[in-house]
Amino acid sequence: MKNDNKKNNDENNIKQIKGGICAAKGFFANGIYSGIKKKKTSKDLAIIYSESLCNAAAVYTQNKVCGANIIVSKENLKNGHAKAIICNSGNANTCNKDGIEKAKAMCKGVADYLKISEKDVAVASTGVIGVPLPIEPILKNIKPLIDKAKNSAEASKNAANAIMTTDIFIKEIAFSFEIGGKEVKIGGIAKGSGMILPNMATLLAFITTDANISQKLLQKALREDIKNTYNMISVDGDTSTNDMVVALSNGEAKNPIIDKEGNNYKIFCKALNMVNTYLCKSMAKDGEGATKLIECEVIGSKDIETARKIAKSVISSNLLKAAIFGCDMNWGRIACAIGYADCKFDINKVAINVSSKFGNMNVFEKGYGLKFDEKKALKILKEKEIKITVNMNSGKNKATAWGCDLTYDYVKINGSYRS
């Protein structure tokens, strides 16, 4: 019992702090305009690096058509170590004959300037597919990019801004916690508002921590957490070609090494989950053209996979997304999405509740719809964050997924993406 209380107290001591990816000791970042994007007011080149060698973990898109950055980063991070990440936005460097050559050139440019191995650099690109990446502006700007890199909150924001494409706002977060009497920090930035249907990470997310944790457990923590975070968001049902999640840990916190799956590992996993959950909700909220965040929590499920599949099915339904945009309490679209999820369950046990800051409403129970007040329903759905709770009444497992409404602006944005 004492150990359980200690675990809960440790996890409750995780506190949100400022600094993003620069909250952790020893990490520097920056973001500038290099000339890749047409608008000179938009940053398009970012750097993140650690003064010391980091353990590195990564998860990549499973799209069979993948960007050159994925191929090069997979090879470079094969040994589980890295010191830097360079990322450009505005061009995906995908499906180009010289893509790998240019991705490697980006790594070499950073490595030469920092006097490190090319293999210690991860590379990321995001933007338009099939357009040759102009490498000259990138190589020319590596020096000013790194020269002005800092360990500061502003530096994190600059990097977060530079990796955006159609995003409306930057996405960053950081937390501090204690392990073995040492303060440990973890932070992250992300981009993603379209082509979001993750299948092992379809977006860009970069996580830094000064935790002293083995590469094996860092990789396991990231891989396991993605199942409940990045793989549980959907904006439009498209899986991108380029994107990945990379986590770097440099050990600068000097905490006792986390090399076993004990209490310290659980605390780290909790903090990692808090970073990833925040970034995921931010990406869903910032879906292209979106006006509302949709959260679906499935509870009372017989197993975790059933809960995940149903939650994801609900927030991925374009019909439901359109109904939420129109503030239409069309619960039939929720029931329909539950019904075509690839799993077995008894619909006669299922209950559906829709809620927001205004209030909540039971709309479905035991296989049938319930009468409800249309005026109250309208007020509930006019809020910016809508929660759908699906109670399977069949067990104790649960899962949460995040999405957004489908609006006219989504079509406008994607109808002129290359212009």
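Is Glu 297 buried or exposed, and what is its relative accessible area? Glu 297 is buried, at a relative accessible area of 15%; the cut-off for that class is under 20%. The model is predicted. Its protein chain has 419 residues, of which 55% count as buried. The secondary structure comprises 12 helices and 15 strands.

**Chain overview**

- Among contacts in the protein chain with a separation of 6 or more, 81% are between residues 24 or more positions apart.
- Two helix pairs, H2 with H3 and H3 with H4, are described below, along with two buried residues, Glu 297 and Ser 156.

**Surroundings of Glu 297**

- Strand S10, which spans residues 293-301, contains Glu 297.
- Beyond its neighbours within four places in sequence, Glu 297 is in contact with Lys 387, Ile 388, Thr 389 and Val 390, and also with Lys 398, Ala 399 and Thr 400.
- With Lys 387, Glu 297 forms a side-chain to side-chain polar contact of 3.0 Å.
- Ala 311 is 14 residues from Glu 297 along the chain, and the C-alpha atoms of the two are 6.2 Å apart.

- Ser 156 belongs to helix H5, residues 153-162.
- The relative accessible area of Ser 156 is 0%, so the residue is buried.
- Its side chain reaches the backbone nitrogen of Ile 21 at 3.1 Å.

**Helix H2 and its cover**

- Helix H2 runs over residues 68-76, and its buried residues are Ala 68, Asn 69, Ile 70, Val 72, Ser 73 and Asn 76.
- The elements covering these buried residues include H3 together with strands S3 (45-60), S4 (81-91), S5 (121-128) and S9 (244-249).

**Packing of H2 with H3**

- Two packed helices are described by the distance between their axes and the angle between them.
- For H2 and H3 the axes come within 8 Å and cross at roughly 55 degrees.
- That angle makes H2 oblique to H3.
- The H2 and H3 crossing is right-handed.
- On the H2 side, the residues in contact are Ala 68, Asn 69, Ile 71, Val 72 and Asn 76, and they meet Gly 99, Ile 100, Ala 103, Lys 104 and Cys 107 of H3.
- Sorted by class, this contact of H2 with H3 holds 6 nonpolar, 3 polar and 1 charged residues.

**Packing of H3 with H4**

- Helix H3 (residues 99-114) and helix H4 (residues 135-147) have axes that come within 10 Å, with a crossing angle of roughly 25 degrees.
- H3 is therefore roughly parallel to H4, a class for angles under 35 degrees.
- The crossing of H3 past H4 is right-handed.
- From H3, Lys 102, Ala 105, Met 106, Gly 109, Val 110, Tyr 113 and Leu 114 take part in the contact.
- Their partners in H4 are Ile 135, Ile 138, Leu 139, Ile 142, Lys 143, Ile 146 and Asp 147.
- The contact of H3 with H4 has 10 nonpolar residues, 1 polar residue and 3 charged residues.

Definitions and conventions:
Residues numbered from 1 in each chain as written. Predicted model: local features only at pLDDT ≥ 70, side-chain atom pairs only at ≥ 80, totals over all residues. Heavy atoms only, no water. Axes fitted to C-alpha atoms, helices over the stretch in contact; angles between N-to-C directions. Helix = DSSP H or I, 4+ residues; strand = E, 2+ residues; numbered from the N terminus. Parallel < 35°, antiparallel > 145°, perpendicular 65-115°, else oblique. Left-handed = near helix turned anticlockwise from the far one by under 90°. Contact = heavy atoms within 4.5 Å. Nonpolar A, V, L, I, M, F, W, Y, C, P; charged D, E, K, R; others polar. Buried < 20%, exposed > 50% of the residue type's maximum accessible area, 1.4 Å probe, protein only. Polar contact = N/O pair within 3.5 Å; in protein donor to acceptor, adjacent residues only side chain to side chain.
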